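Colleague: I am new to this structure and would like to learn how to read it. Could you take me through a helix pair and then a pocket?

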Amino acid sequence: MPLMKAQSMPEPLRVLFVCTGNICRSPMAEGIARSRIVALDPAGKAGLRVASAGIAALSGDPATFEGTLAMRRRGIDISAHRARQLDSAILQESDLVLTMERMQSSRVLAVKVPNRHYVYRLLNLGEIAGELLSAPRGQYSGSQDPDPSRALDCLAHEADEIDRRDGWRLRDFNYEVRDPVGMPFAEYEAVADGLTPAIDNILRVLLKNGM
């Protein structure tokens, strides 16, 4: 398909959050992301889209009561969420896949799909996004391009470089988002508190907000 340079609107960038059952961590992340997109891009000019799925989901299950409550306390409503089982069709509709655990990233990468998409743990990419945001304006290629997909390429390049040289700041387990199912409500609050800054950093980079 030829490029249509006359169009000012970039192609929508599609972000997929993945956990195990798609009933707490990933729907919470999706809800947080939707809320932050409204705040960062109120006119919807970037066309950024978010969704979620699980590698072992029971399709149709609602979000957990605790996860729904944790989001409600933050002004976010995920009560209408219904779990989806991850499959190749969902991955084909995704440009960036953000997982909660390394195991989930491996499962995503094992699903063969024809399109190109990025797969990272959420907290890893959130750390890199934070570094990009704190860097001098324009230091990174793609940081001034209005197309979110170019910003994603830049973000992914930086993450891959750090991965290649094993330059992550924290130990590997620190980038795993613990599954709060069956845990006290405080664990859901902790998950929400951990997800929020990482998601905010990533969205700010993709939407050029603060760069």
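Modeller: Let us begin with handedness, keeping in mind that this is a predicted model. The crossing of helix 5 and helix 6 is right-handed.

Colleague: Which residues of helix 5 and helix 6 make the contact?

Modeller: On the side of helix 5 they are Leu125, Ile128, Ala129, Glu131 and Leu132, while helix 6 brings Cys154, Leu155, Glu158, Ala159 and Ile162. Sorted by class, the residues of this contact between helix 5 and helix 6 comprise eight nonpolar, no polar and two charged.

Colleague: At what angle do the axes of helix 5 and helix 6 cross?

Modeller: The axes of helix 5, which covers residues 122–134, and of helix 6 cross at roughly 110 degrees and come within 10 Å. Angles of 65 to 115 degrees count as roughly perpendicular, and helix 5 and helix 6 are therefore described as roughly perpendicular to each other.

Colleague: Turning to the pocket, how many residues line the second largest pocket, and which lie nearest its centre?

Modeller: The lining of the second largest pocket has 13 residues, and those nearest its centre are Arg102, Val119, Tyr120, Arg121 and Asp163. Two or more lining residues come from each of helix 4 (102–110), strand 4 (118–121) and helix 6 (148–164), with helix 4 giving the largest share, four residues.

Colleague: How much space lies in the second largest pocket, and what classes of residue make up its lining?

Modeller: The space in the second largest pocket is about 240 Å³, and its lining consists of five nonpolar, three polar and five charged residues.

Key:
Residues are numbered from 1 along each chain as its sequence is written. This is a predicted model: local features need pLDDT of at least 70, side-chain atom pairs count only at pLDDT 80 or more; totals for chains, interfaces and linings use all residues. Side-chain values use heavy atoms; hydrogens and water are left out. On a 1 Å grid over the protein atoms alone, a cavity is a set of points where a 1.4 Å probe fits but cannot get out, and a pocket is an open set with protein on both sides within 12 Å along at least five of seven lines; lining residues have an atom within 4 Å of a point. Grid points are joined across faces, edges and corners, and a volume is the space filled by probe spheres set on the points. Ala, Val, Leu, Ile, Met, Phe, Trp, Tyr, Cys and Pro count as nonpolar, Asp, Glu, Lys and Arg as charged, and the others, Gly among them, as polar. Axes are lines fitted to C-alpha atoms, for helices over the stretch in contact, and angles run from 0 to 180 degrees between N-to-C directions. Angles under 35 degrees count as roughly parallel, over 145 as roughly antiparallel, 65 to 115 as roughly perpendicular and the rest as oblique. A crossing is left-handed if the near helix is turned anticlockwise from the far one by less than a right angle, and right-handed if clockwise. Contact means heavy atoms within 4.5 Å.
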